[in-house]
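Good morning, colleagues. Please turn to the sequence and the structure on the screen, and keep both in view while I speak.

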Amino acid sequence: DMVENSADKKARTENFITRFARWYTPVVVICALLLAVIPPLAFNGQWNDWIHRALSFLVVSCPCALVISVPLSFFGGIGGAAKHGILVKGSNYLETISKATTVVFDKTGTLTKGTFTVTSINPNGVTEDELLRWAAIAESCSSHPIARAIESAWDGSIDTDKLEVEERAGMGVSVRDGKHVVLAGNGRLMESEGIEWTPCDKIGTVVYVALDGEFIGSILISDQVKQDSAQAIDRLHKLGVTKIAMLTGDRKETAMAVGRGLGVDEILSQLMPGDKVDAVERLMDKSSGALVFVGDGINDAPVLTRADVGVAMGALGSDAAIEAADIVLMDDKPSRLAETIRIARKTMGIVWQNIVFALAVKAVVLILSAFNITGMWMAVFADVGVTVIAIINAMRAMRVEKI
């Protein structure tokens, strides 16, 4: 459906060709009419000769090669990308991403697998089972991957009907279970409630848990980096992307460990959803070309919309992220982004080849036809022949070689 509706979102080049043809066609028709009438009337030229020249001029000037081959090139690029699991929602996004100089990645679920597992339980004044139980109660009403990891680690059953849940955006969750209030989240949640807590210095995502205003421990949750994430960063650098950044709400230590291991240029951590938008806007101001943001979560939807091109992960990505994105990577591989940019640049190269070739041939033959140096056969070639050649060239956009 996204590919079929991509025609509604034309690239600037397509729109330019449409506007160009709208003015070009009446202009050349008037020029052909003047070429047929003025020389015989003003300079006693032969009517048959000048009418023949005007007809040749009119045949050559037909803009078919442009108005057919340019959209066909974009459709070929979109189709070629779709064959490789890359859904582009419009040719305008294909044109914009070809100019990408800055790429910003979300961390969790984008550069990492987003499948969390509990790797360490650090109780404070309670047993490990009690800490895990209260954490599971707090996270039982959440669909976040971290919450699912804690629930999976706890084998017991939880009656969610009696729970009163309050989500704290960017911090965690507060749950009332009868007479008890459980808090589970990051350090900012503990600070906001005035709870004294002990930071965990281990690498990973840490969930701090408090019961009735008392800190009862922390749970360390780890996420694995995707196998092709480092390859994706390397390929983007080779394609000439000058800046690659990573945004995350995780702690600085965790973010630095992942970002440095992948070779990311800039790492921004402990960000709220709104902070991500601000960070992307600052990066856009510094970028000399287009900025591409790649994310997967519902919190990434505003950033996907704000970026020049938003790219979402299609398999694990949330519906909100996929809807807000301009391009969707169906297999969740970050390395597909480099392939998308390569396809976009190849497509734009073919588009400009067709434009330059068609205009150059037509300009030369138009002049020759006006001076009666070429006949109708050359005019037909400049129209139909050039169109066929441009269409064959446009079809190359559908052929995408894997990298």
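I shall go through the sheets, then the salt bridges, and then the surface.

Please bear in mind that this is a predicted model.

Let me begin with the seven-stranded sheet. The strands of this open sheet follow the order β1-β13-β12-β11-β2-β9-β10, and their pairing is mixed. Which strands stand at the edges? They are β1, residues 86-88, and β10, residues 266-268. Each has a single partner strand, so one side of each is left without a neighbour in the sheet. From one strand to the next, the twist averages 20 degrees.

As a reminder on pairing in general, strands of a sheet pair through backbone hydrogen bonds, either parallel or antiparallel.

Helix α11 lies across β2, β9, β10 and β11, and it runs at about 170 degrees to β9, residues 243-247.

Now to the six-stranded sheet. This open sheet has antiparallel pairing, with the strands in the order β3-β8-β7-β6-β5-β4. Its edges are formed by β3, residues 117-123, and by β4; each has a single partner strand, so one side of each is left without a neighbour in the sheet. Here the twist averages 20 degrees from strand to strand.

Strand β4, residues 163-168, pairs with strand β5, residues 172-177, in the antiparallel sense over six bridges. Glu166 stands opposite Ser174 of β5. The hairpin of β4 and β5 has three residues between the strands, and Gly170 takes a positive phi near 75 degrees. In the other pairing, strand β7, residues 205-211, is joined by seven bridges to strand β8, residues 214-222, and the two run antiparallel. There, Thr205 stands opposite Ile221 of β8. This sheet, too, has a helix across it: α7, residues 145-153, lies across β3, β7 and β8 and runs at about 75 degrees to β3.

I turn next to the charged side chains. How many salt bridges does the structure hold? There are ten, and I shall discuss three of them.

In one of them, Asp106 pairs with Lys276, the closest N and O atoms being 3.0 Å apart. Asp106 lies in strand β2, residues 100-106, and Lys276 in helix α11, residues 273-286, so the pair ties together parts that are 170 residues apart in sequence.

Lys276 also forms a salt bridge with Asp300, with the closest N and O atoms 3.3 Å apart. This pair, too, links distant parts of the chain, 24 residues apart: Lys276 in α11, and Asp300 in the loop between β11, residues 290-295, and α12, residues 301-306.

Are these side chains buried or exposed? Asp106 and Lys276 are both buried. For Lys276 the relative accessible area is 8%, and Asp300, at 2%, counts as buried as well. The cut-off behind this is that buried means under 20% relative accessible area.

The remaining pair on my list involves Arg306 and Glu281, whose side chains meet in a salt bridge at 3.0 Å, N to O. Arg306 is in helix α12 and Glu281 in helix α11, 25 residues apart, so that distant parts of the chain are linked here as well. Both residues count as partly exposed: Arg306 has a relative accessibility of 37%, and Glu281 has 28%.

Finally, the surface. Val29, Leu41, Trp47, Ile51, Leu55 and Leu58 make a nonpolar surface patch of about 540 Å². Helices α1, residues 12-43, and α2, residues 47-61, each supply at least two of its residues. Which helix gives the largest share? That is α2, with four residues. Val29 belongs to α1 and, at 42% relative accessibility, counts as partly exposed.

By way of contrast, consider Leu66 in helix α3, residues 64-83. At 2% relative accessibility, Leu66 counts as buried. Leu66 and Cys141 are 75 residues apart in sequence, and their C-alpha atoms are 57 Å apart in space.

Thank you for your attention.

Notes:
Residues are numbered from 1 along each chain as its sequence is written. This is a predicted model: local features need pLDDT of at least 70, side-chain atom pairs count only at pLDDT 80 or more; totals for chains, interfaces and linings use all residues. Side-chain values use heavy atoms; hydrogens and water are left out. Buried means under 20% relative accessible area, exposed over 50%, partly exposed in between (1.4 Å probe, protein chains only). A salt bridge is a side-chain nitrogen of Lys or Arg within 4 Å of a carboxyl oxygen of Asp or Glu. Patches are made of residues with over 30% relative accessible area and no salt bridge: like charges are joined within 9 Å, nonpolar side chains (Val, Leu, Ile, Met, Phe, Trp, Tyr) within 5 Å. Accessible areas come from the Shrake-Rupley method with a 1.4 Å probe; for residues, only the protein chains shown count as cover. Two strands pair if DSSP finds at least two bridges between them. Axes are lines fitted to C-alpha atoms, for helices over the stretch in contact, and angles run from 0 to 180 degrees between N-to-C directions. Contact means heavy atoms within 4.5 Å.
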